[in-house]
Structures are given as C-alpha cells and as structure tokens.
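Please look through the sequence and the fold shown below, and keep both at hand while reading. The paragraphs that follow go from single side chains to the sheets and then to the protein as a whole.

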Amino acid sequence: MSESKSSRFSLEVSIEYIMQWLALTLIINLGLFTIVHFLLNPYDLGWPNPERYSKIIWVGFTLVGFTVFALTYIFISAPRYWVDTDSIEIRSVYRSKKSKIVEFEKIVDMKIRKTPILSNIFNFGTIVFYNKTEDGKKKVVARFLGVKYPNEVYLEILENLDIEEEKKIEDLLL
C-alpha cells in the first residue's frame, strides 16, 4: 500500500504572530502619545485658546496611531503561502493578482527565525529561504512570516529540496 501525501498545501500567518506585532505597535503608539503629552502641554505654550489646539493635536495623533495600527495588521496578515512539490508561492490577499513563485531548484538554504519568548510559547516562527547570487553571497528569496508549527513545515519543505538533509535536521533538533 502506498503512502499518499498532499502534494500542495496552504499556510497563513498565525494569529499569535499578528497579535505580537499589534501589541508592539500599540506600546510604541502609547509611548509616543505620552511623550507628546509631556512635551506639548498646552498650558505651558501660552496659546490664546490652549483647549482647542490641544484637542486638534490629540485628534491628529489618534488618527496617526490608528492608521499605523491598521496598516500593521493589514501588511502582516496579507500573505498566504502555497507549498507545492516543486515550488513555493506567496500570494497577497488584499492585492489578489500579486504573487511570487520561487522554484525549489533556486533555494540553497532555509532557516527558522523565532522571537525569543513568544515563539516558543505559542509555537510560531518565520521560515526564511535563501538563494545564491552571482557574487556567491546568500540572498533572501522569500519569507513565510509567523507560520504555526514551523519545525513541521520546515521538515515538510526539506523533503522537496536538494539540501543536505542530515545537516539540516541536526540543526533543527539542536
């Protein structure tokens, strides 16, 4: 009896990875709001109507903070990844005609990158694919941002690549 495997599967960015970046964006925005509050205290500026100017400044900063927060969510949650037997494809959800296909023959190395604490707790990571340039240097060809269970995905993709498997599996287990 032959073992049947899925030749094509889909991946997307994990919710935990998105929440990590949204929390970081929120902390940065709150820090900027605090700095602006103490630097631009309207009572120290001596404006004719400090209440009106203060409200205009805070509305502007609120809009900027909300826009940065929303853009962070959109750009991080936008890609979807398709892994086939001979290539990987990165598609954008918001711009449906934008996609990037990388053949496995062009990939010479891949690594898993994790954030120090949260990646281990919630089991997500970024898989980075490298290519060789004419100079002989490694160049990043594609990234799978914040995928769930990166070790299992890594091993699944490794089966299709022509990289020294024993070395890569040892690196993964260490």
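Lys148 has a relative accessibility of 28% and therefore counts as partly exposed, a class that lies between buried, under 20% relative accessible area, and exposed, over 50%, with a 1.4 Å probe and protein chains only. Its salt-bridge partner is Glu16, and the closest N and O atoms of the two are 3.5 Å apart; a salt bridge here is a side-chain nitrogen of Lys or Arg within 4 Å of a carboxyl oxygen of Asp or Glu. The pair links distant parts of the chain, with Glu16 in helix α1 and Lys148 in strand β7, 132 residues apart. Helices (H or I, at least four residues) and strands (E, at least two) are DSSP runs, numbered from the N terminus. Glu16 is also partly exposed, with a relative accessible area of 26%.

The model is a predicted one, in which local features need pLDDT of at least 70 and side-chain atom pairs count only at pLDDT 80 or more, whereas totals for chains, interfaces and linings use all residues. Residues are numbered from 1 along each chain as its sequence is written, and side-chain values use heavy atoms, with hydrogens and water left out.

Lys148 is also one of the residues touched by Ser14, together with Phe124 and Gly146, when residues up to four places away in sequence are not counted; contact means heavy atoms within 4.5 Å. Ser14 is found in the loop between β1 and α1, and because its relative accessibility is 5%, Ser14 counts as buried.

Strand β7 belongs to an open sheet of three strands, ordered β5-β6-β7 with antiparallel pairing, where two strands are said to pair if DSSP finds at least two bridges between them. The edge strands of this sheet are β5 (109-113) and β7, each of which pairs on one side only, and the twist from one strand to the next averages 20°. Five bridges join β5 to β6, and Lys111 stands opposite Val128 in β6. Helix α1 packs on this sheet and touches β6 and β7, its direction making about 95° with that of β6. Helix α5 (residues 150-158) packs on the sheet as well, touching β5, β6 and β7, and its direction makes about 175° with that of β5. The axes behind these angles are lines fitted to C-alpha atoms, for helices over the stretch in contact, and the angles run from 0 to 180 degrees between N-to-C directions.

Between β6 (residues 124-132) and β7 (residues 138-148) there are eight bridges in the antiparallel sense, and Asn131 stands opposite Lys139 in β7. The hairpin of these strands has five residues between them, and there Gly136 takes a positive phi near 90°.

Asp109 counts as buried because its relative accessibility is 4%, whereas Lys111 is partly exposed, with a relative accessible area of 38%.

A second open sheet has four strands in the order β1-β2-β3-β4, with antiparallel pairing. Its edge strands are β1 (9-12) and β4 (99-103), each pairing on one side only. Strands β2 (residues 79-83) and β3 (residues 87-92) pair over five bridges, and the bridge partner of Val83 in β3 is Ile88. In a salt bridge of 3.3 Å, N to O, the side chain of Arg80 meets that of Glu12; Arg80 lies in strand β2 and Glu12 in strand β1, 68 residues apart.

Trp21 lies in helix α1, which spans residues 15-39, and at 31% relative accessibility Trp21 counts as partly exposed. Together with Leu24, Ile28, Leu32, Ile35 and Leu39, Trp21 makes a nonpolar surface patch of about 570 Å². Patches are made of residues with over 30% relative accessible area and no salt bridge, where like charges are joined within 9 Å and nonpolar side chains (Val, Leu, Ile, Met, Phe, Trp, Tyr) within 5 Å.

For the protein as a whole, the secondary structure comes to six helices and seven strands, and buried residues make up 30% of the 174 residues.

Terms used: Accessible areas come from the Shrake-Rupley method with a 1.4 Å probe; for residues, only the protein chains shown count as cover.
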